[in-house]
2 protein chains.
Amino acid sequence: MKSVFINGLGLIGATMAKIIKASNPDTIITAHDTNPNNIDYMVQEGIVDHGVDFATGAKQADLILLATPVSIICQSLADLTELKLKDGVLVTDVGSSKQPIMAAAHHLMDQGVHFLGGHPMAGSHLTGSQHSDVSRFINHSFFLVNGNASDSEITAYKDLLKTGQLSFSALTAAQHDQLVSATSHLPHLAAFALANTIIPEVDAMPINPGIPSGGLLDTTRVAKADPTMWTAIFTSESEELLEQLDHFEKQLNILKEAIQKQDGQTLQTELKAANQARLKLEEFK
Amino acid sequence: MKSVFINGLGLIGATMAKIIKASNPDTIITAHDTNPNNIDYMVQEGIVDHGVDFATGAKQADLILLATPVSIICQSLADLTELKLKDGVLVTDVGSSKQPIMAAAHHLMDQGVHFLGGHPMAGSHLTGSQHSDVSRFINHSFFLVNGNASDSEITAYKDLLKTGQLSFSALTAAQHDQLVSATSHLPHLAAFALANTIIPEVDAMPINPGIPSGGLLDTTRVAKADPTMWTAIFTSESEELLEQLDHFEKQLNILKEAIQKQDGQTLQTELKAANQARLKLEEFK
């Protein structure tokens with residue numbers, strides 16, 4: 001993979017670029033981004049060799065990495081079917097909703113182009129290439145949802161990312177979307193709703209509420225995430241998210257009813273379960 | 001205030017003890033705790049002079065500080081009415097639900113004993129005296145809900161805590177409970193429910209989900225909080241919490257309906273509002 005084209009140099013795209021360049025200094029990386037600052041920064045850093053338009057970059061690449069919001073990844077997969085790509089090109093992505101992306105890649109795969117879906121599990125409320133960091137994904141999961149890539153292509157792609165020290169796992173698009181809805185989209189939804197509940201309440205108080213508690217700051221931290229990106233995620237993967245939201249509302253209701261009935265025993269049982277579950281999260285490696 | 005008796009040397013009680021001793025090295029601090037390790041630790045640290053039973057400690061003190069869970073504070077306020085306390089004693093507490101505590105203090109105040117409610121806003125999922133730290137509350141709010149203490153008693157109490165560098169605010173029990181329900185109890189409830197939603201889902205997956213994202217860890221962090229303490233809080237201040245939970249469910253429903261209708265515009269508006277609200281939280285000082 002001598003030539004890599006990356007569409008989108010936000011936090012994730014730029015981190016991928018840094019990992020690829022660190023693993024393979026001879027690889028030529030071209031990139032397109034609607035924000036010229038991201039291109040300028042990455043060229044100055046010596047990671048991206050030069051900026052290109054989408055069609056030019058795609059046609060010259062051995063690897064095309066789509067690193068934009070999901071809706072644009074889907075559009076790019078359609079656009080690629082109109083271009084004469086290099087023989088043996090591998091198309092991949094880092095989008096967080098795999099079912100719509102795999103569906104959008106179908107036409108391209110029907111043309112014989114190889115597509116491998118990917119998703120590094122280490123997002124951030126930070127955005128932009130300047131927050132990218134080659135160590136960002138170390139030991140984090142990188143989920144692979146394969147379309148029609150060969151084993152050797154998958155191995156070559158993993159090798160291209162070796163500096164990232166990622167923990168690769170293969171799963172289906174449906175498994176991926178369910179897992180990500182539960183562990184990422186639902187917590188974001190809850191945090192956005194919590195911020196919209198709490199802060200107007202605090203503003204209406206006649207006193208200065210003082211420095212917020214760590215608990216309040218932590219619980220709502222991901223509500224700082226980019227509204228445009230998360231609107232795209234919530235609408236592109238709505239089925240799984242609505243299912244997870246149903247589960248969450250059921251859990252809220254269990255606590256609500258126990259509080260209404262002053263049922264300390266049920267509360268104690270539920271809070272202990274949550275306690276154990278949360279502590280267990282820290283055991284995953 | 002030459003002699004202070006503290007009932008309960010958990011994280012908050014022990015932190016208060018350290019602040020009082022740092023401000024006033026000559027003050028004798030006695031304490032009672034059902035866990036002898038907390039007493040031993042604090043005596044070894046040179047903060048608590050010696051452990052005592054509740055009645056002995058209370059009867060000898062110029063200041064009685066109740067630092068147990070709320071239900072036990074209420075019980076202690078009743079127990080104090082049965083004891084011959086020192087003339088001019090000030091009774092105070094650090095409980096997180098002020099309306100039930102002020103109600104429980106009524107009989108004692110009717111006897112002419114002075115009571116001043118207090119609540120430092122810097123909890124933690126950590127528990128126990130060994131995590132106490134004189135710097136824990138610096139610049140954090142310390143809410144004062146006065147019963148019948150005089151201005152000079154309030155000034156003397158603030159002075160006793162001067163090393164803590166606390167930011168004192170006076171408010172009514174109802175204001176306090178509404179504010180704390182919104183900014184502390186609701187986020188805890190949401191975190192407990194989220195942990196109970198997400199983790200069983202993750203456990204059921206056929207793959208290792210890898211290191212959890214920072215977002216998931218942060219959003220659920222306070223679900224590590226002590227189930228017994230939080231069962232007491234949820235049941236003792238249920239009216240305000242249920243009201244906040246209603247508000248939260250409304251916000252969840254706004255997002256849910258927008259997702260169901262694929263209404264990107266509403267989602268964008270709501271997520272932007274949450275974004276701004278959350279960023280505003282960091283401005284409070």
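Reader: Why is Arg221(B) called buried?

Author: In this predicted model, Arg221(B) has a relative accessible area of 18%. The term buried applies under 20%, so Arg221(B) counts as buried.

Reader: What makes the pair of Asp218(A) and Arg221(B) a salt bridge?

Author: The side chains of Asp218(A) and Arg221(B) meet at 2.4 Å, N to O. The cut-off is a side-chain nitrogen of Lys or Arg within 4 Å of a carboxyl oxygen of Asp or Glu, so the pair of Asp218(A) and Arg221(B) is called a salt bridge. Asp218(A) belongs to helix H9 (residues 214-220) of chain A, whereas Arg221(B) sits in the loop between H9 and H10 of chain B, so this pair joins two chains.

Reader: Which residue forms a salt bridge with Asp218(B), and what makes Asp218(B) buried?

Author: Asp218(B) forms a salt bridge with Arg221(A), and the closest N and O atoms of that pair are 2.4 Å apart. Asp218(B) is placed in helix H9 of chain B, and its relative accessibility is 18%; since buried means under 20%, Asp218(B) counts as buried. If its neighbours within four places in sequence are left aside, Asp218(B) is in contact with Asp218(A), Thr219(A) and Arg221(A).

Reader: How many salt bridges does the rule find across the interface of chain B and chain A, and which elements of chain B give two or more residues to the side that touches chain A?

Author: The rule finds 8 salt bridges across the interface of chain B and chain A, while the count over all chains comes to 16. Across the interface of chain B and chain A there are also 28 residue pairs in polar contact, with both residues at pLDDT 80 or more. The elements of chain B that give two or more residues to the side touching chain A include strand S7 (141-146), strand S8 (167-170), helix H8 (173-203) and helix H9 (214-220). H8(B) gives the most to that side of chain B, with 20 residues. By residue type, the side of chain B that touches chain A divides into 45 nonpolar, 29 polar and 14 charged.

Reader: What area is buried between chain B and chain A?

Author: The size of an interface is often expressed as the accessible area lost when the parts come together. Between chain B and chain A about 8,700 Å² is buried, and carbon and sulfur atoms give 67% of that area. In residues, 88 of chain B are in contact with 88 of chain A.

Reader: How do you know that the copies meet through the same surface?

Author: Of the interface residues of chain B, 100% are also interface residues in chain A, so the copies meet through the same surface.

Reader: What makes the two copies related as by a two-fold rotation axis?

Author: Chain B is superposed on chain A by a rotation of 180° with 0.0 Å of shift along its axis, at an RMSD of 0.0 Å. The two copies are therefore related as by a two-fold rotation axis. Thr219(B) comes closest to the rotation axis among the residues of chain B, with its C-alpha at 2.0 Å.

Reader: Why is Glu282(B) called partly exposed, whereas Arg278(B) counts as buried?

Author: Glu282(B) has a relative accessible area of 40%, which lies between the limits of 20% and 50%, so the term for Glu282(B) is partly exposed. Arg278(B), at 2% relative accessibility, counts as buried. Arg278(B) and Glu282(B) form a salt bridge, their closest N and O atoms being 2.7 Å apart, and salt bridges that share partners join Lys224(A), Arg278(B) and Glu282(B) into one network.

Reader: How do you know that the side chains of Glu282(A) and Arg278(A) meet in a salt bridge?

Author: The N to O separation for Glu282(A) and Arg278(A) is 2.7 Å, and the limit is within 4 Å, so the pair qualifies as a salt bridge. Glu282(A) is partly exposed, with a relative accessible area of 41%, whereas Arg278(A) is buried, at 2%.

Reader: What makes Ala14(A) buried, and which residues is Ala14(A) in contact with?

Author: Ala14(A) has a relative accessible area of 0%; since the cut-off is under 20%, Ala14(A) is buried. Ala14(A) lies in helix H1 (residues 11-23) of chain A and, leaving aside its neighbours within four places in sequence, is in contact with Leu9(A), Met42(A), Ser129(A) and Ser132(A). The C-alpha atoms of Ala14(A) and Asp133(A) are separated by 8.0 Å, although the two residues are 119 residues apart along the chain.

Methods: Residues numbered from 1 in each chain as written. Chains lettered and ligands numbered in written order. Predicted model: local features only at pLDDT ≥ 70, side-chain atom pairs only at ≥ 80, totals over all residues. Heavy atoms only, no water. Contact = heavy atoms within 4.5 Å. Buried area = accessible area lost by both parts, 1.4 Å probe. Polar contact = N/O pair within 3.5 Å; in protein donor to acceptor, adjacent residues only side chain to side chain. Helix = DSSP H or I, 4+ residues; strand = E, 2+ residues; numbered from the N terminus. Nonpolar A, V, L, I, M, F, W, Y, C, P; charged D, E, K, R; others polar. Least-squares fit on C-alpha atoms with pLDDT ≥ 70 in both. Buried < 20%, exposed > 50% of the residue type's maximum accessible area, 1.4 Å probe, protein only.
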